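Please look over the sequence and the model below.

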Amino acid sequence: MNKDKSHISMQDDDIDLFRQSISGATKIKQDTVQFKRDNTPFKGKVVAEQTKQHKAEFYFSDEYIPDIDTHGTVNYVREGADKFLAKQLRRGDIAPELILDLHGLSKDSAKEELAALIHACKKQHHYCACVVHGIGEHILRHKVPQYLVQHPDILAMHQAPLEYGGKGAVLILIDIPESDIYRR
């Protein structure tokens, strides 16, 4: 029991010492301002998202159906470009620097992602990219090439070789001005 009493008296001594040290203190008045949190999204983020969506809708129309065969081997080279580019893509001579996987996305989401991929390729000076659309119900398999043909920065496109996805993917070449290529 002596241990317990000494323990209690030790605490009482500490409490008395604390009270003596704060004897002249007064209670502080709370005068700080409480700000309400604004739960509205950041305006810049909303504007950027709207711009991204607008660009995707501008380039990728569901109503326009280009004259390319999406049921067989996808093969496209922009008018005025070297036809040999499609052959290089088919053989896998040009390796993709970015890969976009569209599995499980809707057509609208796929449009936004395609626009973002092309923008990223141009910004990072990547000449070749791979778009994996999958086979599934053939919706994106037919729509992705139709969307890509509409974009002014797509130079060429071909069904990917097996190592990059075969019938479930396409390789694309982005038109990057030569002055941008040399900045790498």
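**Salt bridges and a buried leucine**

Lysine 122 and aspartate 153 form a salt bridge in which the closest N and O atoms are 3.7 Å apart. This pair links distant parts of the chain, since 31 residues separate its two members. Lysine 122 belongs to helix H4, while aspartate 153 sits in the loop between helix H5 (139-150) and strand E4 (154-159). The structure shown is a predicted model, and every value quoted here is computed from it.

How accessible are the two partners? Lysine 122 has a relative accessible area of 27%, so it is partly exposed. Aspartate 153 has a relative accessible area of 18% and is therefore buried, because buried means under 20%.

Helix H4 (residues 107-124) also holds aspartate 108 and lysine 111. The side chains of aspartate 108 and lysine 111 meet in a salt bridge, with an N to O distance of 3.9 Å. These two residues are three residues apart in the helix, so about one helical turn separates them. Lysine 111 has 8% relative accessibility and so counts as buried.

Another salt bridge joins the side chains of arginine 91 and aspartate 93, at 2.6 Å from N to O. Arginine 91 has 41% relative accessibility and counts as partly exposed. Aspartate 93 is likewise partly exposed, with a relative accessible area of 44%. The count of salt bridges in the model comes to four.

Where do Asp12, Asp13, Asp14 and Asp16 gather? They form a patch of negative charge on the surface. One of them, aspartate 12, is found in helix H1 (residues 2-21). Aspartate 12 has a relative accessible area of 39%, so it is partly exposed.

Leucine 148 lies in helix H5. Is leucine 148 buried or exposed? Its relative accessibility is 0%, so leucine 148 counts as buried. Leaving aside residues up to four places away in sequence, leucine 148 touches Phe60, Leu114, Ile118, Ile154, Met157, Val170 and Ile172.

Technical notes:
Residues numbered from 1 in each chain as written. Predicted model: local features only at pLDDT ≥ 70, side-chain atom pairs only at ≥ 80, totals over all residues. Heavy atoms only, no water. Patch = residues over 30% accessible without salt bridge, like charges linked within 9 Å, V, L, I, M, F, W, Y side chains within 5 Å. Areas by Shrake-Rupley, 256 points an atom, 1.4 Å probe, with all protein chains shown as cover. Lys, Arg positive; Asp, Glu negative; His and termini not counted. Charge placed at Lys NZ, Arg CZ, Asp CG, Glu CD. Helix = DSSP H or I, 4+ residues; strand = E, 2+ residues; numbered from the N terminus. Buried < 20%, exposed > 50% of the residue type's maximum accessible area, 1.4 Å probe, protein only. Contact = heavy atoms within 4.5 Å.
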